[in-house]
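Here is a short report on a protein and DNA model. Keep the structure open as you read.

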There are 2 protein chains.
Amino acid sequence: MTMTNAGGRRRPPTIHDVAREAGVSRGTVSRVLNGGHYVSPAAQEAVNAAIRRTGYVVNRHARSLITGRSDSIGFLLTEPQERFFEDPNFNVLLRGCTQALAGHDIPLLLMLAGTEDERRRITRYITAGHVDGVLLVSSHSGDPVAEQLREAGVPLVACGKPIGLGSKVSYVAADDRDGARDMVKHLVSLGRRRIGMVTGPLDTPGGVERLAGYREVLAEAGIEADDRLVASGDYSRASGEAGAEQLLDRAPDMDAVFVASDLMAQGVLAALHKAGRRVPEDVAVGGFDDSPAATAVTPALTTIRQPWDRISNEMVRVLLAQIGGDDPAAVILPTELVRRDST
Amino acid sequence: MTMTNAGGRRRPPTIHDVAREAGVSRGTVSRVLNGGHYVSPAAQEAVNAAIRRTGYVVNRHARSLITGRSDSIGFLLTEPQERFFEDPNFNVLLRGCTQALAGHDIPLLLMLAGTEDERRRITRYITAGHVDGVLLVSSHSGDPVAEQLREAGVPLVACGKPIGLGSKVSYVAADDRDGARDMVKHLVSLGRRRIGMVTGPLDTPGGVERLAGYREVLAEAGIEADDRLVASGDYSRASGEAGAEQLLDRAPDMDAVFVASDLMAQGVLAALHKAGRRVPEDVAVGGFDDSPAATAVTPALTTIRQPWDRISNEMVRVLLAQIGGDDPAAVILPTELVRRDST
DNA sequence: TTCTCTACTGTGAACGCTCACAGAAGCATG
DNA sequence: CATGCTTCTGTGAGCGTTCACAGTAGAGAA
């Protein structure tokens, strides 16, 4: 009367079982599992067959214990969370990174550093080596978590150029300045001259760069800068609405507005509507992001598409390279103007 | 010439180092780490001090290797991903679960089962015991992944009542039927009689329940059911717009509409606007979810708030209980009517 | 005293894997 | 025939924990 599987869950097969089944040693199975160098074709085949028969799956804990690698990476959000969780781009980024990592069979751990307590716990967790690297969403300046991780030598790739961290940390970003330039050039080409802007948060490089692009093109077009035409926002819908009201108040002759995010542009459209301005006849509106919000409004937004799928892929690529020993790298990806009905 | 830390990363302290530092044995340190039963106060104190001095953090791989637990759980999304990634509720749920788990010092692994390939990999990963349990977002019927996990005996908690899975799987859901009832009662109390509905996908229990609630209240109020007043949608904005157009076409005298999601309600508002109907004067509109979309539109949506924070907390609580040996449980949480300007 | 019980502590053996090393076999070269 | 090289394979050790077990010490009971 054997007791191989009496009632409970069966003990999963180990590398030992596979070795016995295939008639080889543990070492050979391990070699097949990790690349298959220095293994004869016959052994290779026998092992693979045994793996299939037994349904063997490697025990990652045992592997990690000896290799020191965890073969998992963290996706860390330290931004003010509301901003991001309201932002559809975040979803796209998170999904892209998860899928890119899945292709390498690496699980993604989601880490949200909201409270001080969470910050401490996460820092300990990461520096203790429980992840091999970190995908970081935190572009604002002076982030203490990012700084600690950098000092601890944890491989790090930020989304968007980080402020205040040295060149030791990699980042992947869309070309914010160039995207802003494209949009403002587009508005200029439509004959608009009183072009306003609602900026993003100016403690983020994205916010700064988009503003810079706006200013550059105006200067190049020989259009005089006018501070009354610039209002500051924080990417939220509400701040877009407030910004537009401010602009209409200070510069009623505004004939176009470049808004640093689609979400804010939603607010801008609402404010313009309330003020009785027609879009695009009276005021042309250009957004940024090409988020789902862009097509959810009437008129559909002309906007700048950020290549989120490429951004997430590049973040993963750069991070894995850095874990593999490469030097930190900066990747800047081009944006694309998407013309719809608001200009 | 010692070589304790020559250049590279220092080897992290082990339980052995802590034991030596505290002048006790590994076993005692381990006992302190896991609850502290049968440890003298003096040893307890010495160990804690040593842990603080050395900066020791337990090696979870070594622990998992012997305990068989992974002390991590998976957050699995098998729904058509677009629907969810467009849905702000998903974010709230994901964030809530992550934070609830963080409170237990349990990391959350994000798993997206989109393609067939991903499905296979994830199933293998989970059934191999790399997570202790799964938070499942997949209410649609006949989900093969969920079915396999259930068969393998993996602790499972679904968000929303799953169709087709036996009573072996726990779930946490808002009271969809009662929420729908509240909204339709509200519309009836406003004197509306020609009340339409744009449903959610009818292969999900949420979609079915909301429709049932709508029908119940109409019957109770003595209002004759009229199939021309029911259009089906899939929670997406576009399907809301299409649904409203259909309703206006088939029942031009409609004076109210209950929409099974805020996102669809956005589309409904757009369609009504296009058709020249005033909201709420001509047609009152009630949504469902209380997502950010509800306040982003004009007029702001009257809607049904789902208690997402409680839902995520309960999902985690039920899952951990089930991992601890408890029987599967079903939790249904009450919703709340939020009145704004669209009714 | 002697025994039993409780509270506490240390020790070896695992957990499943990889890695370094030793060695075997085959083949070319001296 | 010895020597070296390459390709392949098996073996033992050890990664950092927990767990079962064997102790030890002290208190109370017989």
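Two strands pair if DSSP finds at least two bridges between them. Helices (H or I, at least four residues) and strands (E, at least two) are DSSP runs, numbered from the N terminus. This is a predicted model: local features need pLDDT of at least 70, side-chain atom pairs count only at pLDDT 80 or more, and totals for chains, interfaces and linings use all residues. Residues are numbered from 1 along each chain as its sequence is written, while chains are lettered from A and ligands numbered from 1 in the order in which they are written.

**The sheet in chain B**

Start with one pair of strands. S6(B), residues 195-199, and S8(B), residues 256-259, run parallel and share four bridges. Met197(B) sits opposite Phe258(B) of S8(B). These strands belong to an open sheet of four, ordered S7-S6-S8-S9 in chain B, with parallel pairing. Which strands are at the edge? They are S7(B) (230-232) and S9(B) (284-286), and each pairs on one side only. From one strand to the next, the twist averages 15°.

Angles here run from 0 to 180 degrees between N-to-C directions, and axes are lines fitted to C-alpha atoms, for helices over the stretch in contact. Two residues are in contact if their C-beta atoms, placed from the backbone, lie within 7 Å. Helix H10(B), residues 205-220, lies across S6 and S8 of chain B, at about 170° to S6(B). Helix H12(B), residues 262-274, also packs on the sheet. H12(B) touches S6, S8 and S9 of chain B, and its direction makes about 150° with that of S8(B).

Two packed helices are described by the angle between their axes and the distance between the axes. The table gives both values for two pairs.

| Helix pair | Axes come within | Crossing angle |
|---|---|---|
| H11(A) (237-250) and H12(A) (262-274) | 6 Å | roughly 45° |
| H1(A) (15-22) and H3(A) (41-54) | 8 Å | roughly 120° |

Angles under 35 degrees count as roughly parallel, over 145 as roughly antiparallel, 65 to 115 as roughly perpendicular and the rest as oblique. H11(A) is therefore oblique to H12(A). H1(A) and H3(A) are therefore oblique to each other.

Which residues of H1(A) meet H3(A)? They are Asp17(A), Val18(A), Glu21(A) and Ala22(A). Their partners in H3(A) include Ala46(A), Val47(A) and Ile51(A). This contact has six nonpolar residues, one polar and three charged. Ala, Val, Leu, Ile, Met, Phe, Trp, Tyr, Cys and Pro count as nonpolar, Asp, Glu, Lys and Arg as charged, and the others, Gly among them, as polar.

**Where the chains meet**

The contact takes 34 residues from chain A and 33 residues from chain B. H7(A) (116-130) gives the largest share of the chain A side, six residues. That side divides into 15 nonpolar, 11 polar and eight charged residues. Strands take part too. S2(A) and S2(B), each spanning residues 108-112, run antiparallel and are joined by three bridges. Leu108(A) has Leu110(B) as its bridge partner.

**Around the DNA**

How many residues surround DNA strand C? There are 27, and among the closest are Thr14(A), Ile15(A) and Ser25(B). A residue is near a strand if its C-beta atom, placed from the backbone, lies within 6 Å of it. Helix H4(A) (60-67) is one of the elements that give two or more residues to this surface. H4(A) supplies the largest share, five residues. By class, the surface near DNA strand C has 12 nonpolar, 11 polar and four charged residues.
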